[in-house]
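I opened a new notebook page for this one. My plan is to jot down what I look up, one topic at a time.

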Amino acid sequence: RSSSSLNPITYNGILENFWLKAFPCARFIISYRKELLEQQRSQKNAHFKKEFSVDKLRRRNDMFIEFAKANSEKSFMVPLEEFSPDLFHRMLDWLGVSNCSFSRIVHANNGLRSGGYIDDRKVDTQGECTYSGRPFIKA
């Protein structure tokens, strides 16, 4: 049975069980877009082979957001509209990475209507990133 034929709740349950059993120590970064009309337009501009309706995009977003809420200790939500050095600093902290920071981040989908995922900026980091080694799951 293909994933597209399942309703989001059933599909989410299947994904959740798989992800959590296959990757018990993993953390999940849930990247999504709040502005669904812009997401649809972006996919069209990027020449995706299949165009999704706003309703289908909403159901998919809802599925991942529900997964993140149900597994809040293992999930970090990253809405595209909130990309910022501060958000990425919080994500680094959540991942257990310290001693470094971003002065700017790359936001490759910069709203070009020509279909480009182009960004001429570079990611600027300061410091030397260190992983704390703290466990991802409770003992």
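**Entry 1**

I started with Asn99, which counts as exposed at 54% relative accessibility. My cut-offs are these: buried means under 20% relative accessible area, exposed means over 50%, and partly exposed is in between, with a 1.4 Å probe and protein chains only. Asn99 is found in strand E3. Its phi is positive, about 70 degrees, although Asn99 is not a glycine. I noted the background too: most residues other than glycine have a negative phi.

**Entry 1: ground rules**

I have to remember that this is a predicted model, where local features need pLDDT of at least 70, side-chain atom pairs count only at pLDDT 80 or more, and totals for chains, interfaces and linings use all residues. Residues are numbered from 1 along each chain as its sequence is written, and side-chain values use heavy atoms, with hydrogens and water left out.

**Entry 2: the whole chain**

I looked up the elements and got four helices and four strands for the protein chain. Helices (H or I, at least four residues) and strands (E, at least two) are DSSP runs, numbered from the N terminus. Read from the N terminus on, the order is α-β-α-α-β-α-β-β.

The protein chain has 139 residues, and 32% of them are buried.

Among contacts between residues at least 6 apart in sequence, 59% join residues at least 24 apart.

**Entry 3: the disulfide**

How many disulfides does the rule give? The count comes to one. The rule asks for a pair of cysteine sulfur atoms within 2.5 Å. I found the pair to be Cys100 and Cys129, with sulfur atoms 2.1 Å apart. This pair links distant parts of the chain, 29 residues apart: Cys100 sits in strand E3 (residues 97-104) and Cys129 in strand E4 (residues 124-131). The link of Cys100 and Cys129 is right-handed, with 105 degrees about the S-S bond. A reminder to myself: a disulfide is a covalent bond between the sulfur atoms of two cysteines.

Are these cysteines buried or exposed? Cys100 is buried, with a relative accessible area of 16%, while Cys129 is partly exposed at 48%. I looked up Cys25 as well, and Cys25 is partly exposed at 45%.

**Entry 4: the cores**

Next I went for the nonpolar cores, meaning sets of buried Ala, Val, Leu, Ile, Met, Phe, Trp, Tyr and Cys residues joined through side-chain atoms within 4.5 Å. The largest has ten residues in all, among them Phe76, Leu87, Phe88, Trp94, Cys100 and Phe102. Strand E2 (75-79), helix H4 (85-95) and E3 are the elements that give two or more residues to this core. H4 gives the largest share, five residues.

Leaving aside neighbours within four places in sequence, I see Phe88 in contact with Phe83, Phe102 and Ile105. There is also a second, separate core of nine residues, including Leu15, Trp19, Phe28 and Tyr32.

**Entry 5: paired strands**

I turned to strand E1 (residues 28-32), which pairs with E2 in the parallel sense over five bridges. Two strands pair if DSSP finds at least two bridges between them. Phe28 stands opposite Ser75 in E2. E2 is mostly covered, as four of its five residues are buried.

Helix H3 (residues 54-70) has 17 residues and reaches 24 Å from its first C-alpha to its last, close to the 24 Å expected at 1.5 Å a residue. That expected span is 1.5 Å times one less than the number of residues. Buried residues in H3 include Val54, Lys56, Leu57 and Asn61. I checked Lys56 separately: its relative accessible area is 17%.

In helix H2 (residues 36-45), the buried residues include Leu36, Gln39 and Gln43, and H3 is part of what covers the buried residues of H2. Which residues does Leu36 touch, not counting those up to four places away in sequence? I found Val54, Leu57, Arg58 and Asn61. Leu36 counts as buried at 9% relative accessibility. The C-alpha atoms of Leu36 and Arg58 are separated by 7.0 Å, although the two are 22 residues apart along the chain.

Definitions and conventions:
Contact means heavy atoms within 4.5 Å.
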